[in-house]
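Please walk me through this protein chain, from its overall make-up down to one residue and its surroundings. A plain account in running text is enough.

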Amino acid sequence: MTKRIWRWAFLLLWGIGFAVSPLTWAAEPSPRPYLIGDAQGDWGFPSPLSHAPRGPGYLRVSFLFDTLVWKDARGFVPALAQSWEYQASPPAYVFHLRPGVLWHDGKPLTAADVVFTVKYLRRHPHPWVDVQPISRVEAAGPHTVRFVLRQPYAPFLEEVAGTMFILPRHIWQKIQDPARFQEPRATIGSGPYRLAEYRREHGLYRL
């Protein structure tokens, strides 16, 4: 089952509702808020490096943060990257980002954020993303990123480009302990939803 299908499957499984109380964090209410109430409890603070490592924890963050590519029933599809190509020598992937993408706080998302994300994950690994196959990552322009691999790596699109949440450099560059970074700024991503409320004691996420 693709990650996109998992998003909706979990929403149906854990319950979808409309928010009825004032938003806690969002400056403006979403026109279509979702309430995710998990009967099995909390799955961690929904930031890329403090959520619970199991699937539902990753799922909640996937509503807030984007990856470079995604996958549907037909295969890999554009996400933050509108196109990409593989280069054989040296083995490398080049991603062309969508222009005009903004973080939730209004700042532009650029290739520098992608480069920063890979370097940050080298110091603070994510349990689902293995950046070891990457020899180096470089910005070839404001919206072009090149990943040079140590050797050909067939699952790169699936296990790195399609799984790695891209972080806003202007927020995370000074964060030394990402697991303890649990405040509204930590949930600023480029995804389709913003976090309006999180209640650990109820396993509640309002987007």
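Contact here means heavy atoms within 4.5 Å.

The model is predicted. Its chain has a mean pLDDT of 85, with 81% of the residues reaching 70 or more. Over residues 1–30, pLDDT stays under 50, although the model has 61 contacts beyond four places in sequence for this stretch. Where pLDDT is low, the predicted coordinates should not be read in detail.

Five helices and nine strands are present in the chain. Read from the N terminus, the elements follow the order α-β-α-β-β-β-β-α-β-β-α-α-β-β. Of the contacts with a separation of 6 or more, 63% are between residues 24 or more positions apart.

Seven of the eight residues of helix α2 (residues 55–62) are buried, so the helix is largely enclosed by the rest of the structure. The buried residues in α2 are Pro-56, Gly-57, Tyr-58, Leu-59, Arg-60, Val-61 and Ser-62.

Next comes a sheet. Four strands make up an open sheet in the order β4-β5-β7-β6, with antiparallel pairing. At its edges stand β4 and β6 (134–141), each with a single partner strand, so one side of each has no neighbour in the sheet. From one strand to the next, the twist averages 20 degrees. Six bridges join β6 and β7 in the antiparallel sense. Helix α3 (residues 111–123) packs on the sheet and touches β5, β6 and β7, its direction making about 165 degrees with that of β6. The loop between β4 (81–87) and β5 (92–97) holds Pro-90. The peptide bond from Ser-89 to Pro-90 is cis, with omega near -10 degrees.

Thr-144 can now be placed. This residue is found in strand β7 (residues 144–149), and Gly-141 stands opposite Thr-144. Since buried means under 20% relative accessible area, Thr-144 counts as buried because its relative accessibility is 18%. Trp-84 lies 60 residues from Thr-144 along the chain, and their C-alpha atoms are separated by 9.3 Å.

Conventions. Residues are numbered from 1 along each chain as its sequence is written. This is a predicted model: local features need pLDDT of at least 70, side-chain atom pairs count only at pLDDT 80 or more; totals for chains, interfaces and linings use all residues. Side-chain values use heavy atoms; hydrogens and water are left out. pLDDT is the predictor's confidence in each residue, from 0 to 100. Buried means under 20% relative accessible area, exposed over 50%, partly exposed in between (1.4 Å probe, protein chains only). Helices (H or I, at least four residues) and strands (E, at least two) are DSSP runs, numbered from the N terminus. Two strands pair if DSSP finds at least two bridges between them. Axes are lines fitted to C-alpha atoms, for helices over the stretch in contact, and angles run from 0 to 180 degrees between N-to-C directions.
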